[in-house]
Amino acid sequence: MTIPNSLKTQVGGSHYKKYRHQPLEFAEKHGLSPIIFCIFKYVCRYKDKQKPVEDLQKALHCINIFVECGKEKGILYNIDQLSDFITQFDKEHGKAIFDVLRLQGDKNKADEARTSINLLLQGVQ
């Protein structure tokens, strides 16, 4: 796969450039809503930033916003692309990302996403 020129540059760090598939690229291909994308990017990058606890807390806060204000929307998964994206991360991290993606189509999955993120949070505190 050819990396678009615009994704070869990152302003303010390099935490996304290390991925085979960047979160923004994945989100565009699979139709993530804006609020789910926010949660998704916080969970993807939490290990790569200076404040991992803050990123995970932001993700949890955005889940609450989505549950109260967001609109459920189906997501167009290509299972091979999904698998390829998630395998960039360790098992626990990948599970949290997967749980966030499931949330877009079903707000009832919010507790599962929160639980997965809280497990990540326990690992960094």
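This is a short tour of a predicted model, one selection at a time.

**Before you start**

Residues are numbered from 1 along each chain as its sequence is written. In this predicted model, local features need pLDDT of at least 70, side-chain atom pairs count only at pLDDT 80 or more, totals for chains, interfaces and linings use all residues, and side-chain values use heavy atoms, with hydrogens and water left out.

**Whole chain**

Show the protein as a cartoon. There are 6 helices and 0 strands. Helices (H or I, at least four residues) and strands (E, at least two) are DSSP runs, numbered from the N terminus. Along the sequence the pattern reads α-α-α-α-α-α.

Now colour by burial. Of the 125 residues in the protein, 41% are buried. Buried means under 20% relative accessible area, exposed over 50%, and partly exposed in between (1.4 Å probe, protein chains only). Among contacts between residues at least 6 apart in sequence, 69% join residues at least 24 apart.

**Stop 1: H4 against H5**

Select residues 79–86 for H4 and 91–103 for H5. How do H4 and H5 pack? Two packed helices are described by the angle between their axes and the distance between the axes. For H4 and H5 the angle is about 140 degrees, and the axes lie 9 Å apart. That makes H4 oblique to H5. Angles under 35 degrees count as roughly parallel, over 145 as roughly antiparallel, 65 to 115 as roughly perpendicular and the rest as oblique. The axes are lines fitted to C-alpha atoms, for helices over the stretch in contact, and angles run from 0 to 180 degrees between N-to-C directions.

Show side chains on both helices. From H4, look for Leu82, Phe85 and Ile86. They meet Gly94, Ile97, Phe98 and Leu101 in H5. This contact of H4 with H5 has 6 nonpolar residues, 1 polar and no charged. Ala, Val, Leu, Ile, Met, Phe, Trp, Tyr, Cys and Pro count as nonpolar, Asp, Glu, Lys and Arg as charged, and the others, Gly among them, as polar.

**Stop 2: the buried side of H4**

Keep H4 selected. Which residues of H4 are buried? They are Leu82, Phe85 and Ile86. Because they cover an arc of only 90 degrees around the axis, they sit on the same side of H4. The arc is that of the directions from the helix axis to the C-beta atoms. An α-helix has 3.6 residues a turn, so residues three or four places apart point the same way.

Next, go to the start of H4. A side-chain oxygen of asparagine 78 comes to within 2.9 Å of the backbone nitrogen of aspartate 80.

**Stop 3: isoleucine 97**

Select isoleucine 97 in helix H5. Isoleucine 97 is buried, at 1% relative accessible area. Leaving out residues up to four places away in sequence, isoleucine 97 touches Phe40, Val43, Cys44, Phe85, Ile86 and Phe89.

**Stop 4: isoleucine 63**

Move to helix H3 (residues 52–69) and select isoleucine 63. Is isoleucine 63 buried or exposed? Isoleucine 63 counts as buried, at 0% relative accessibility. Residues up to four places away aside, isoleucine 63 touches Ile39, Leu103, Ala110, Ala113, Arg114 and Ile117. The C-alpha atoms of isoleucine 63 and arginine 114 are 7.7 Å apart, and the two residues are 51 apart along the chain.

**Stop 5: serine 33 and proline 34**

Select serine 33, in the loop between H1 and H2. Serine 33 is buried, at 9% relative accessibility. Its contacts, not counting residues up to four places away in sequence, are Lys73 and Gln104. Step on to proline 34, in helix H2. Proline 34 is exposed, with a relative accessible area of 68%. Glycine 70 is 36 residues away along the chain, and its C-alpha is 9.3 Å from that of proline 34.

**Last stop: asparagine 118**

Select asparagine 118 in helix H6 (residues 110–124). Asparagine 118 is partly exposed, at 32% relative accessible area. Glutamine 57 is 61 residues apart from asparagine 118 in sequence and 8.8 Å apart in space, C-alpha to C-alpha.

Terms used: Contact means heavy atoms within 4.5 Å. A polar contact is a pair of N or O atoms within 3.5 Å; within protein, one must be able to donate a hydrogen and the other to accept it, and residues adjacent in sequence count only if both atoms are side-chain atoms.
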